[in-house]
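Here are my notes for anyone opening this one for the first time. Have a look at the model, then go through the points in order.

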Amino acid sequence: MPDVHALTRALQKKNDSKIVLLVADGLGGAPLSPGGKTELETAQTPNLDKVCQNGTSGLSHPIMPGITVGSGPGHLGLFGYDPWEYQIGRGVLEALGIDFDLGPKDVAIRGNFCTLDEAGNISDRRAGRIPNEVGAPLCEKLDKIEIPGVEVFVRHVKEYRLVIVFRGDGLGGDVYDTDPQATGVPPLDPQPKKEGSERTIEVAKEFLRQAREILKDDAPANFLTLRGIANMPPIPTFEEAYGTKAAAIAVYPMYRGLARLVSMDVLDAGQTLEDQCGRLEQAWDDYDFFFMHYKYTDSTGEDGNFDAKVKRIEELDAAIPRITGLDPTVLVVTGDHSTPSLLKSHSWHPVPTVISAKSCRTDGVSTFGEQQCIQGGLGQFESKYLMPMALAHAGRLEKYGA
């Protein structure tokens, strides 16, 4: 397969076009019973439907058919980075998302506070989604952990989520998560994926031993699991790859970290979708490319709340006129993966996607939903090819060859 970034670097063309990539996290869904409607098909989305009527629709696969991905690879694919080639640990993304300055000797870890029952089994993988005012003081307690030969940093992220960074010599990032992705079982012990991370495993075990003692009386957050254990990798910048000045408007730290990973400018996005739209309007003249992230289509899917996900989709739809009112050259609406309420988790289902631009071949798709998009002109494609299509519609790619 060709190196997509080698092509886009060679064909870059400057102009005054504006591209908006609107990512509704976990957008894709599934019906609760065979023959029924998905969350997106159930929602009333007149504004997204209009975007489809003016654009070209399809279904995107974050990597390839049948593969379920996390939010990290899902977004990297949308940014045009092959998720198989650029495997980024979630800990790195979370650390970057809270502006932690990662160095070459650092291993970054995404932590989740959890609840252990009297038998030591996990009864709640997210500690009841504790609020910030509970999670932050717990992180301050854990930040006092000391391990010989290693610096330990613990920072609160949001609610039950935290970042742990180990800094020292000989620390590798090839360690499996300790979250068993299930309740009724104990947390896993740190285990190596391959050689070179033995020291990290020793440090992680000692950290968890001390953390268990520190948190033993803090139910529901009386322990934590470790996820996305990783070092900072080399990766080309967004501007190098595409010749665009890019801004990210995301509320949640992980997605801000994803944007910072590829050197987008990460703007203050406030806390609400309304805040994000206002920030987009304020920054409109300063950038060529805007990445906007909307989280709640994913979290409601993970909660298994079909009706709540429908409502969140409708909230997103209500914001579309503020974006289209800016008259972007290209508007892309998609998700990083599917999160069906039926499954309460990420899934392999391809994601509804629409590209709207004056240069589109409209395809007769009149509503934004899975059954309609599968009939659209984009067909089914790997999401890493979405950026070249957006650049082409924006007139930002020269002709290849004579």
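1. A term to start with: angles under 35 degrees count as roughly parallel, over 145 as roughly antiparallel, 65 to 115 as roughly perpendicular and the rest as oblique. The axes behind them are lines fitted to C-alpha atoms, for helices over the stretch in contact, and angles run from 0 to 180 degrees between N-to-C directions. Helices (H or I, at least four residues) and strands (E, at least two) are DSSP runs, numbered from the N terminus.

2. Some housekeeping. This is a predicted model, where local features need pLDDT of at least 70 and side-chain atom pairs count only at pLDDT 80 or more, while totals for chains, interfaces and linings use all residues. Residues are numbered from 1 along each chain as its sequence is written, and side-chain values use heavy atoms, with hydrogens and water left out.

3. Pro46, Asn47, Leu48 and Val51 of helix 3 meet Asp317, Ala318, Ile320, Pro321 and Thr324 of helix 12 (contact means heavy atoms within 4.5 Å). By class, that contact has 6 nonpolar, 2 polar and 1 charged residues, where Ala, Val, Leu, Ile, Met, Phe, Trp, Tyr, Cys and Pro count as nonpolar, Asp, Glu, Lys and Arg as charged, and the others, Gly among them, as polar.

4. Which residues have the most contacts inside the largest nonpolar core? They are Phe238 and Met264, in a core of 89 residues. Helix 12 (residues 306-324) gives the largest share of this core, 7 residues. Such a core is a set of buried Ala, Val, Leu, Ile, Met, Phe, Trp, Tyr and Cys residues joined through side-chain atoms within 4.5 Å; buried means under 20% relative accessible area, exposed over 50%, partly exposed in between (1.4 Å probe, protein chains only).

5. Zoom in on phenylalanine 238. Not counting residues up to four places away in sequence, Phe238 touches Phe79, Tyr81, Gly243, Thr244, Ala246, Val262, Met264, Phe289 and Met387. Apart from this core lies another, of 34 residues, including Ile130, Val152, Val154 and Leu208.

6. Helix 9 (residues 253-261) has 8 of its 9 residues buried. Its cover includes helix 4 (71-78), helix 5 (90-97), strand 5 (151-158), strand 8 (246-249), strand 9 (265-266) and strand 10 (289-294). Just after helix 9, serine 263 has a positive phi of about 65°.

7. How do helix 5 and helix 9 pack, at what angle? At about 95°, with their axes 6 Å apart, which makes helix 5 roughly perpendicular to helix 9. By class, their contact has 7 nonpolar, 2 polar and 4 charged residues.

8. Helix 6 (residues 132-142) and helix 7 (residues 198-215) have axes that cross at roughly 125° and come within 10 Å, so helix 6 is oblique to helix 7. Leu138, Lys141 and Leu142 of helix 6 make the contact with Phe207, Ala211, Ile214 and Leu215 of helix 7.

9. Last, serine 17, in the loop between helix 1 (4-11) and strand 1 (19-24). Serine 17 is buried, with a relative accessible area of 6%. Leaving aside neighbours within four places in sequence, serine 17 is in contact with Asp288, Thr329, Ala394 and Arg396.
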